[in-house]
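Subject: Structure for you to look at

Hello,

I am handing over a structure that you have not worked with before. Please open it first, then read the notes below it.

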Amino acid sequence: MSKARDEFNLEDLREAADYLANRISSKPKLLIICGTGLGSLADLVENPVSINYEEIPHFPVSTVQGHHGRLVFGTLSHVNVVCMQGRFHYFEGYSVREITKPIRIMKLLGVEGLFITNSAGGLNPQYKVGDVMILKDHFNFLSFGGENPLRGPNDDNFGDRFIPTNKAYNKKLISIARDIAKQVGLKSNCHEGVYAIVSGPNYETVAESRALLMLGVDAVGMSTVPEVIVAKHCGMTVFGFSFITNLCITSYDTDHEPNHGNILDSVESRSVQIQNFVIKMVEASKDLWKSDR
Ligand SMILES: O=P(O)(O)O[C@@H]1C[C@H](O)[C@@H](CO)O1
Ligand SMILES: Nc1nc2[nH]cnc2c(=O)[nH]1
């Protein structure tokens with residue numbers, strides 16, 4: 001029986017990176033991944049060059065409503081950035097290695113930092129719809145079941161076999177984000193918390209939400225963690241936040257049910273504040289991304 005080609009095959013990753021390098025005039029230093037409904041972050045990019053995922057060799061394609069499926073290269077606060085307008089999820093049928101392929105391709109292009117965003121369900125009773133949660137840690141339920149993107153042959157070109165993840169989210173960037181949240185009027189709507197990935201695509205049962213809360217999870221979603229693990233493996237600096245689009249249901253006495261349409265609407269309601277938050281984060285951290293290290 002023939003063995004499937006490894007999603008992290010270096011030849012394929014290089015082919016994709018070389019293709020992109022030939023389509024752009026300056027290489028990006030910072031990758032911004034836009035979560036569900038947060039694709040308008042890419043509208044902030046100056047002198048944009050857009051490349052659809054279908055055009056890029058070996059690149060996966062997005063299948064979820066609210067994810068455009070293109071890369072937008074350009075500058076933001078004079079920093080060379082690339083936005084992923086649309087990401088890949090495990091529930092779409094992709095393996096965790098396929099989901100995280102773009103991180104390695106961007107590393108080959110010269111990217112040093114990752115700003116990662118998602119929409120998530122709030123579990124912490126203090127959270128409200130429309131709040132922002134800065135990620136201080138995560139809980140990888142996929143990995144508990146053995147689905148870790150670093151499982152399989154390790155490519156030493158990118159990083160070591162065994163890596164720590166207790167400091168996955170950069171503390172300096174978290175502290176900057178605290179101040180910026182106040183400046184953009186998000187003070188009382190901004191929290192720091194623990195994000196958990198579950199596979200989806202169904203939203204949680206009452207029993208599952210209650211269990212997650214007991215385990216110390218503040219918000220739950222269906223993405224982000226595999227990308228962060230692969231970014232840390234290849235030495236990137238990571239900052240992440242969740243937009244709280246709905247509250248997870250922890251009571252049997254309600255008729256309410258979460259749905260994807262409402263989730264998209266709730267992101268829309270705060271899109272200007274979120275855009276300002278991201279612009280100011282890039283501006284405040286630009287010394288980290290400007291050098292040719
Ligand atoms: O890409 P993110 O994590 O923002 O998307 C989550 C997972 C689903 O696509 C959607 C569920 O409503 O939000
Ligand atoms: N698992 C999960 N993902 C989400 N994405 C947005 N809201 C939710 C939610 O309530 N649960």
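H78 lies in the loop between β3 (70–76) and β4 (79–85). (Helices are DSSP runs of H or I with at least four residues, strands are runs of E with at least two, and both are numbered from the N terminus.) The phi of H78 is near 65°, a positive value in a residue other than glycine. Most residues other than glycine have a negative phi, and most peptide bonds are trans. A cis peptide bond joins G200 and P201, with omega at about 5°. P201 has its place in the loop between β7 (190–197) and α5 (206–214).

Some notes on the source. This is a predicted model, in which local features need pLDDT of at least 70 and side-chain atom pairs count only at pLDDT 80 or more, while totals for chains, interfaces and linings use all residues. Residues are numbered from 1 along each chain as its sequence is written, and chains are lettered from A and ligands numbered from 1 in the order in which they are written.

Overall form

The protein has nine helices and nine strands. Its C-alpha atoms fill a box of roughly 55 × 55 × 35 Å, taken along the principal axes. The radius of gyration is 18 Å, which agrees with the value near 19 Å that a compact globule of 293 residues would have. (This radius is taken over C-alpha atoms, and the globule rule is 2.2 Å times the number of residues to the power 0.38.)

Helix pairs

Helix α1 (residues 10–23) and helix α2 (residues 96–109) have axes that come within 9 Å and cross at roughly 55°. That makes α1 oblique to α2. On the α1 side, L13, R14, A16, A17, L20 and A21 meet K101, R104, I105, L108 and L109 of α2. (Two residues are in contact if their C-beta atoms, placed from the backbone, lie within 7 Å.) By class, this contact of α1 with α2 has eight nonpolar, no polar and three charged residues. (Ala, Val, Leu, Ile, Met, Phe, Trp, Tyr, Cys and Pro count as nonpolar, Asp, Glu, Lys and Arg as charged, and the others, Gly among them, as polar.)

Helix α2 also pairs with helix α6 (residues 225–233): their axes come within 9 Å and cross at roughly 50°. That makes α2 oblique to α6, and the crossing is right-handed. V96, I99, T100, I103 and R104 in α2 meet P226, E227, V230 and A231 in α6. The contact of α2 with α6 has six nonpolar, one polar and two charged residues.

The axes of helix α4 (residues 171–183) and helix α8 (residues 271–284) come within 10 Å and cross at roughly 135°. That makes α4 oblique to α8, and α4 passes α8 in a right-handed crossing. I176, A177, I180, A181 and Q183 of α4 make the contact with F277, K280, M281 and A284 of α8.

Ligands

Ligand 1 is surrounded by 13 residues, the closest being G35, T36, N118, M222 and S223. (A residue is near a molecule if its C-beta atom, placed from the backbone, lies within 6 Å of it.) β5 (113–122) and α7 (260–268) are the elements that give two or more residues to this shell. By class, the shell around ligand 1 has three nonpolar, nine polar and one charged residues.

Around ligand 2 there are 15 residues, and S119, G121, Y203, V220 and G221 are the closest. The elements that give two or more residues here are β5, β8 (219–221) and β9 (237–247). β5 provides the largest share, three residues. The shell around ligand 2 divides into eight nonpolar, six polar and one charged residues.

Regards

How values were computed: Axes fitted to C-alpha atoms, helices over the stretch in contact; angles between N-to-C directions. Parallel < 35°, antiparallel > 145°, perpendicular 65-115°, else oblique. Left-handed = near helix turned anticlockwise from the far one by under 90°.
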